[in-house]
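Look over the sequence and the model before reading on.

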Amino acid sequence: MRCRIALAEKRVEYEHKDENLMEKSPLLLQSNPVHKKIPVLVHGGKPMLLNFWPSPHGMRCRVALAEKGLKYVYREEESIMECKSRLLVKSDPVRMRVPVLLHDGKPVCESLIIVQYLDEVWPDRAPLLPADPYGRAKARYWADFIDKEIFECGLKLWKLEGEKQDEARDQFLRALKILEGELGEKKYFGGDTFGFVDVTLVPVVAWYRTYELFGSFRTEMHAPRLMAWGKRCLERESVAMSSLPDPHKVHQFVRFLRNKKPGLQPF
Ligand SMILES: N[C@@H](CCC(=O)N[C@@H](CS)C(=O)NCC(=O)O)C(=O)O
């Protein structure tokens, strides 16, 4: 109890594990092999991810963590729209946005930086970026393209209406076509292996429905290869395990946000 009070006094976020003292866990025996008693504080353990479930940026971090088979503590910033947690404010005082990865107590912000950080710290587990500098430069180019032309433009599909929304739809469909060309006949953007560009784009699978319903188009008609790629990605354990949210749930949530926006027609 005194440890919990001290942690609370210091405002330290932590994961609490209950011990069954009749059957001591391997973690307790390994952490306190002499006395085999609680409490034990394990410091610098698993990474922690601060996220908000519909965030496509958070989804890519979850997929990268799963690809690398890394165990981590997941923390939902459930009230992010109204107020940010102390931990989020402390971790990203500039933008206060999710996702944030805390590793060894240090925050890493921005999803693409997080994915690259994971790849650098754990290079031997399912490498995501190509080994050669030119391959890496190309993969980063496409990741940047996806961020701007798919996810940033996707926001405009539900936040705008009229002519501006039409422009966003044209830009979005053009980007899908370009990505369709880049994928070509390959299994993944990374060739035979699922890589950095795949991780960057895969959250779109949970968002297609929302983009389609707000933008009045069918992705299948414009980018059939990308749709097939999305289905292949969903078969991967890492993607399934990363709990990409149900597309209907994402759409319901976005509809709720849009209908709260003043000056826009309810959708
Ligand atoms: N470029 C950032 C975008 C992060 C972002 O837009 N996060 C949103 C959720 S998807 C957020 O935290 N919004 C809350 C806010 O801005 O107050 C990344 O890739 O991580």
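## Around His 57

His 57 touches Pro 99 and Ser 111, leaving aside residues up to four places away in sequence. Contact here means C-beta atoms, placed from the backbone, within 7 Å. This is a predicted model: local features need pLDDT of at least 70, side-chain atom pairs count only at pLDDT 80 or more, and totals for chains, interfaces and linings use all residues. Residues are numbered from 1 along each chain as its sequence is written.

His 57 sits in helix H3, residues 56–67. Helices (H or I, at least four residues) and strands (E, at least two) are DSSP runs, numbered from the N terminus. Is His 57 buried or exposed? His 57 counts as buried because it has 20 C-beta neighbours inside 10 Å. The cut-offs are 20 or more other C-beta atoms within 10 Å for buried, 12 or fewer for exposed, and partly exposed in between. Pro 203 is 146 residues from His 57 in sequence, yet their C-alpha atoms are 7.7 Å apart.

His 57 is also one of the residues around the ligand.

Now the strands. Two strands pair if DSSP finds at least two bridges between them.

| Strand pair | Direction | Bridges |
|---|---|---|
| S1 (residues 48–51) and S3 (residues 100–103) | antiparallel | 3 bridges |
| S3 and S4 (residues 106–109) | antiparallel | 4 bridges |

Leu 49 has Leu 101 in S3 as its bridge partner. Val 100 is partnered by Cys 109 in S4. The hairpin of S3 and S4 has 2 residues between the strands, and Asp 104 there takes a positive phi near 50°.

How values were computed: Two residues are in contact if their C-beta atoms, placed from the backbone, lie within 7 Å. A residue is near a molecule or strand if its C-beta atom, placed from the backbone, lies within 6 Å of it.
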